[in-house]
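Student: I would like to learn how to read the features of a structure. Can we take them one at a time?
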Amino acid sequence: MKAPATKKTASAKAPPANPRDLTRSEAAYRRLKAAIFDFVLLPGDGFTESDMAERLGMSRTPVREALFRLELEGYVKVAFRSGWSVAPFDFRKLEELYDLRVMIECTAVDRLCTQDPMPDLGLLKAIWLVSEKERKTDTAEVAALDEAFHATLVSAAGNLQMARVHAEVTDGIRIVRRLDFTQPPRIAATYDEHAKILRAILARRADPAKLMLRTHIEASKAEVRKITIHKLHSARPATADL
């Protein structure tokens, strides 16, 4: 009985021989992950490999590889005989990621405010220091710009390893941040808060900038505790195509 099990395990770990499958696997991975982040697939939603392959217009092999990859990242779960399902939120992990984010970004602010000359933050000024009529209103666009704002601050601080870890944190909390931006008041608040944080950094006022940054991130973190099934279903788009 042991020999077949060993053979199966070795086969599962072997890389696919067809380069085309690698490309399709990556495409399946990106589409499935986007579907989770865009609330097309919600926590608890179940599906089989065959169903998902049909929805993606692919064979089962690249879909299976993509699902195993998403399972390693904690986004989906596999159950014996019952197929796959989108994993429930790990609220403790999300809150810990937000705590780590505060530490990294506040450290970045300290570094930015002491660098001479200060790195060029002109792109951030062009996006966030604008009049109300120039502000973006599309939820997905503002969510992406929000991520870019914080990533740019960390990247500009000049520590590559800190930026790498911050990128991993950003990926881990992306779904919660996008849920936050389904509320129009949060878009306006983000513009106001980013502008104040950026002006404080440009003036090399590190302590006020860090205080505002921490408050800004904590407001987003607080939304983690308010997530409900109803709220998630309300965020699901009318057309749930992958």
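Student: Which residues does Cys106 touch, not counting residues up to four places away in sequence?

Tutor: This is a predicted model, so the contacts come from its computed atoms. Cys106 touches Lys210, Leu213 and Arg214 once those sequence neighbours are set aside. The place of Cys106 is in helix H5.

Student: Is Cys106 buried or exposed?

Tutor: Buried means under 20% relative accessible area. Cys106 has a relative accessible area of 8%, so Cys106 is buried. In space, Cys106 lies 9.8 Å from Leu153, C-alpha to C-alpha, while the two are 47 residues apart in sequence.

Student: How do I read a pair of packed helices?

Tutor: Two numbers describe such a pair: the angle between the axes and the distance between them. Take helix H5 (residues 91–114) and helix H10 (residues 206–224), which pack at an angle of about 165° with their axes 10 Å apart. Angles over 145 degrees count as roughly antiparallel, and H5 and H10 are therefore roughly antiparallel to each other. Their crossing is right-handed. On the H5 side the contact includes Phe91, Tyr98, Val102, Cys106 and Val109; on the H10 side, Lys210, Leu213, Arg214 and Ile217 are among the residues that take part.

Student: At what angle do H7 and H9 pack?

Tutor: Helix H7 (residues 139–156) and helix H9 (residues 184–202) pack at an angle of about 20°, and their axes are 11 Å apart. Angles under 35 degrees count as roughly parallel, so H7 and H9 are roughly parallel to each other. The crossing of H7 and H9 is left-handed. Among the residues that meet are Leu145, Phe149 and Leu153 in H7 and Tyr191, His194 and Leu198 in H9.

Student: Which residues do ring pairs link into a cluster?

Tutor: Trp128, Phe149 and Tyr191 are linked into a cluster by ring pairs. Phe149 in H7 and Tyr191 in H9 are also among the residues where those two helices meet.

Student: How is a pair of aromatic rings described?

Tutor: The description uses the distance of the centres and the angle of the planes. Ring centres must lie within 6.5 Å to pair, and by this rule the count comes to five aromatic pairs. One of them is formed by Phe37 and Tyr75, at 5.6 Å centre to centre with 85° between the planes, and is edge-to-face. This pair links distant parts of the chain, 38 residues apart: Phe37 is in helix H2 (residues 19–37), and Tyr75 is in the loop between helix H4 (60–72) and strand E2 (76–79). Phe37 is buried at a relative accessible area of 5%, and Tyr75 counts as buried at 13%.

Student: What lies over the face of Tyr29?

Tutor: Arg69 does, at 3.6 Å from the ring centre.

Student: Where does Glu49 lie, and is Glu49 buried or exposed?

Tutor: Glu49 lies in helix H3 (residues 49–56). With 12% relative accessibility, Glu49 counts as buried. Leaving aside neighbours within four places in sequence, Glu49 is in contact with Arg60, Val63, Arg64, Leu67 and Trp84.

Key: Residues are numbered from 1 along each chain as its sequence is written. This is a predicted model: local features need pLDDT of at least 70, side-chain atom pairs count only at pLDDT 80 or more; totals for chains, interfaces and linings use all residues. Side-chain values use heavy atoms; hydrogens and water are left out. Helices (H or I, at least four residues) and strands (E, at least two) are DSSP runs, numbered from the N terminus. Buried means under 20% relative accessible area, exposed over 50%, partly exposed in between (1.4 Å probe, protein chains only). Contact means heavy atoms within 4.5 Å. Rings of Phe, Tyr and Trp (its six-membered ring) pair if their centres lie within 6.5 Å; planes under 30 degrees apart count as stacked, over 60 as edge-to-face and the rest as tilted. A charge sits over a ring if NZ of Lys or CZ of Arg is within 6 Å of the ring centre and within 35 degrees of the ring normal. Axes are lines fitted to C-alpha atoms, for helices over the stretch in contact, and angles run from 0 to 180 degrees between N-to-C directions. Angles under 35 degrees count as roughly parallel, over 145 as roughly antiparallel, 65 to 115 as roughly perpendicular and the rest as oblique. A crossing is left-handed if the near helix is turned anticlockwise from the far one by less than a right angle, and right-handed if clockwise.
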